[in-house]
Amino acid sequence: MTGRMPGDPGGRPDTLRELTARHGGRGGLLPGALERARSGTAERPEAWAPQVAAAAGLPAAAGLGPATFFADLAAPRGERHVRVCTATACFAARGGEHLAEVEQALGAVAGTVDETGSTSLQAVHCLGYCYAGPAALDGTLPRAGPDLAHQLVGRTEPRAPGIPAADTTGSPVLLAGIVGGQHAWDVWRGAVAGLRPEDVREETAVSGLRGRGGAGFPVADKWAAVAGKPDTVVVANGDEGDPGSYADRLLMEEDPERVLAGLALACFACGARRGTVLVRSEYPKAMARLRRAVKRATEAGDLAASVETVGPSPFVEIVEGAGSYVAGEETALIARLEGARGCARPRPPYPTDHGLWDAPTVVNNVETLAAVPWIVAHGGASYARRGVPDETGTKLVCLSERFARPGAYEVELGTPVDEIVTGLGGGLKDGRELVALQIGGPLGGFLAGRALDVPLTTASLAEHGAALGHAGMVAFDASVDPYELLRHLWEFAADESCGACSPCRIGTRRGLELAQGQGGPGESYVRLARLMGEASLCAFGRRVPAAVRSLARVFGPALEGWNR
């Protein structure tokens with residue numbers, strides 16, 4: 001469908017996307033206006049979103065769509081707004097009991113405002129405190145620990161420990177700026193002074209670097225797809241939503257310069273004049289530190305002050321997410337940046353051809369970009385010698401609160417999972433038995449606690465029914481109820497499905513009903529799993545059945561019927 005109706009010389013726009021592009025423009029005015037309106041009222045979106053859209057010259061649907069889709073916009077707000085994590089690591093920490101404790105302490109049920117209208121409570125999926133959960137954000141102030149409810153009402157001292165991080169390679173790539181190493185902006189300046197864009201692309205190709213956001217696509221191939229195309233945009237995806245992973249949060253908070261220098265190098269390699277970093281709203285500290293880092297880099301001349309003043313240095317803006325797991329998928333992320341609902345889009349066309357406002361767009365994960373300064377400084381061949389031949393380099397692995405030594409560890413790809421679990425993580429707290437290990441988030445998969453002799457690679461994990469994903473590892477001991485964990489997995493899937501396709505939208509809800517014992521006579525999970533796995537629009541719907549099957553394999557007879 002074109003942008004002009006037949007016989008309409010004035011070019012009347014025929015899609016909401018074109019209307020938003022015309023009125024919202026590249027600055028993404030609508031999302032910001034919706035966020036401001038949300039913060040000023042306790043009313044539901046129906047009461048204020050249409051007026052926001054009308055003020056931008058858009059139909060009511062342009063405001064109601066994103067305002068009712070994104071959790072941060074749709075959730076009721078009191079003067080005090082508390083977001084409590086109900087994701088996998090926090091669920092494992094207390095068996096999910098912390099939510100009821102917080103509700104009782106605050107006098108508000110999740111998704112509501114208390115009777116006085118002063119305090120609202122929102123259940124969210126992951127705050128990046130998987131190493132110290134259960135956790136909550138009280139406004140923008142984090143709280144974490146087994147006494148979470150008491151912290152929120154002042155009975156115990158509030159606390160939110162920093163992320164424990166350690167390099168295990170002897171020459172860190174991703175933690176170079178955190179544990180000591182060459183300043184990333186020095187690499188950027190050297191590249192601009194002495195290299196060509198094709199040189200950066202070539203070194204990245206030699207390195208074998210693949211995307212660290214879960215898809216594992218060769219980075220150099222994505223960059224090459226936009227080389228020479230005008231108006232290219234590079235987006236750093238900091239919408240890290242996988243429960244169990246906090247690698248991106250660590251990098252954005254503790255070494256934002258490395259993330260921004262990696263983004264600038266990607267812009268240079270792609271010929272892009274502008275870059276964008278999308279940061280989860282659940283990461284307010286990362287947002288603040290990135291914005292300060294952009295200000296410093298702009299003052300130093302490493303980043304441009306505006307699109308009009310770009311040269312070798314790109315213009316970079318920081319954008320806040322609004323609470324959606326699926327909006328981390330690259331086409332859904334682009335939709336969010338355009339001010340629409342964060343739903344996945346069919347491909348082709350691919351973002352490298354038609355992305356943000358139809359411009360060629362490269363989307364790279366934050367951890368991916370953080371590796372680029374090291375590759376440029378040391379050469380692609382040096383990076384390729386790390387890891388294993390088909391999956392090179394290093395990875396940040398995040399261990400959850402159940403481990404004796406939780407935290408983020410930089411390891412080479414190919415490191416055995418049992419070495420990470422026992423050697424780095426020290427096994428479980430109090431000598432408890434590891435029954436199940438979730439790797440790669442809710443769409444990753446589960447390994448049995450006694451079957452961890454698996455190399456940390458995409459290929460090896462796939463052979464065992466799991467996936468690398470962000471490489472977050474959430475441990476479960478014998479106290480977990482297999483059916484409670486199964487229901488937890490389906491609840492997440494049903495809550496976070498974007499609804500763009502029927503197999504996932506309906507399938508996740510039906511899967512939850514089956515997990516709750518609401519199956520009809522003769523109804524089989526096998527058919528539902530096949531439908532979702534083959535017909536869902538994006539990896540979210542396609543991966544859920546595989547994750548469920550891997551969980552059923554771990555628990556065997558306890559989840560009979562779910563592993564076919």
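Which residue takes a positive phi in the hairpin of β2 and β3? Glycine 117 does, with a phi near 80°, in a hairpin that has five residues between its strands. Keep in mind as you look around that this is a predicted model.

## Strand β3 and its partners

Strand β3 covers residues 119–124, and five of its six residues are buried, so the rest of the structure largely encloses this strand. On one side of the pairing story is strand β2 (residues 112–113), which joins β3 in the antiparallel sense over two bridges. Here valine 113 has serine 120 as its bridge partner in β3.

Strand β1 (residues 80–85) also pairs with β3, but these two run parallel and are joined by six bridges.

## Two nonpolar cores

In soluble globular proteins, nonpolar side chains tend to be buried together. The largest nonpolar core in this model has 127 residues. Those with the most contacts inside this core are Trp223, Val277, Val279, Phe476, Trp490, Phe540 and Trp562. Helix α14 (residues 256–270) supplies the largest share of the core, eleven residues. A second, separate core holds 24 residues, including Phe403, Val411, Val417 and Ala471.

Phenylalanine 540 is worth a visit of its own. Leaving aside residues up to four places away in sequence, phenylalanine 540 touches Tyr325, Val326, Leu443, Phe492, Ala493, Glu496, Ser497, Cys504 and Thr508.

## Aromatic pairs

The structure holds twelve aromatic pairs. In one of them, the ring centres of tyrosine 129 and tyrosine 131 are 5.9 Å apart with the planes at 35°, so the pair counts as tilted. Tyrosine 129 is buried, with a relative accessible area of 9%, and tyrosine 131 is buried too, at 5%. Ring pairs link Tyr129, Tyr131 and Tyr246 into a cluster.

Another pair brings together tyrosine 325 and phenylalanine 492, whose ring centres lie 5.0 Å apart; their planes meet at 80°, so this pair is edge-to-face. The pair links distant parts of the chain, 167 residues apart: tyrosine 325 sits in the loop between β9 (315–320) and α16 (330–337), while phenylalanine 492 belongs to helix α21 (residues 482–496). Both residues of this pair, tyrosine 325 and phenylalanine 492, are buried, and both Tyr325 and Phe492 are touched by phenylalanine 540.

## Arginines over rings

Two arginines deserve a look as well. Arginine 249 lies over the face of tyrosine 129, at 4.0 Å from the ring centre. Arginine 280 lies over the face of tyrosine 283, at 5.0 Å from the ring centre.

Key. Residues are numbered from 1 along each chain as its sequence is written. This is a predicted model: local features need pLDDT of at least 70, side-chain atom pairs count only at pLDDT 80 or more; totals for chains, interfaces and linings use all residues. Side-chain values use heavy atoms; hydrogens and water are left out. Buried means under 20% relative accessible area, exposed over 50%, partly exposed in between (1.4 Å probe, protein chains only). Helices (H or I, at least four residues) and strands (E, at least two) are DSSP runs, numbered from the N terminus. Two strands pair if DSSP finds at least two bridges between them. A nonpolar core is a set of buried Ala, Val, Leu, Ile, Met, Phe, Trp, Tyr and Cys residues joined through side-chain atoms within 4.5 Å. Contact means heavy atoms within 4.5 Å. Rings of Phe, Tyr and Trp (its six-membered ring) pair if their centres lie within 6.5 Å; planes under 30 degrees apart count as stacked, over 60 as edge-to-face and the rest as tilted. A charge sits over a ring if NZ of Lys or CZ of Arg is within 6 Å of the ring centre and within 35 degrees of the ring normal.
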